[in-house]
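Visitor: Could you take me through this model and tell me, for each label, what it rests on?

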Amino acid sequence: QVHLVESGGGLVQAGGSLRLSCAASGNIFSINAMGWFRQAPGKQRTLVATITRGNTAVYADSVKGRFTISRDNAKNTMYLQMNSLKPEDTAVYYCNADHTDSRGSYSSLWGQGTQVTVSS
């Protein structure tokens, strides 16, 4: 099994910064695309940013220019640098990874989530 663990969430004032990390562990064979999603109370989970194994990144319009996604394939870790945070960025942030095992079986993995709260 492969597990994803997020870290780095917390409480920050508007205009501040946080850096989230997502570490994959376990029986890793090949991690392909990875991404960050977020879910605010009473709302659906939405995409924040994704990144391919080759480091091509795509961002939601709401975070473009403020957030930067990156990954370290050697460490099986992904990051989300969040700058100029706004109260509307408050949500639980989830890590997602597409994994293929040695038999070619695909699975979409999720972390447990980390809370980000931005105060005004």
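Guide: Strand S8, residues 77-82, is mostly covered, with five of its six residues buried. This is a predicted model, in which local features need pLDDT of at least 70 and side-chain atom pairs pLDDT 80 or more, while totals for chains, interfaces and linings use all residues. Residues are numbered from 1 along each chain as its sequence is written, and side-chain values use heavy atoms, with hydrogens and water left out.

Visitor: What makes S8 a strand, and what makes S3 and S8 a pair?

Guide: Strands are DSSP runs of E with at least two residues, numbered from the N terminus. Two strands pair if DSSP finds at least two bridges between them; S3 (residues 18-26) and S8 have six, in the antiparallel sense, and Cys 22 stands opposite Met 78 in S8. Strand S7 (residues 67-72) is also joined to S8 by six bridges and runs antiparallel to it, with Thr 68 facing its bridge partner Gln 81.

Visitor: Why is the link of Cys 22 and Cys 95 called a disulfide?

Guide: A disulfide is a pair of cysteine sulfur atoms within 2.5 Å, and the S to S value for Cys 22 and Cys 95 is 1.8 Å, so the pair qualifies.

Visitor: Why is Cys 22 called buried?

Guide: Buried means under 20% relative accessible area (exposed is over 50%, partly exposed in between; 1.4 Å probe, protein chains only). Cys 22 has 0%, so the word applies, and Cys 95 is likewise buried at 0%.

Notes:
Helix = DSSP H or I, 4+ residues; strand = E, 2+ residues; numbered from the N terminus.
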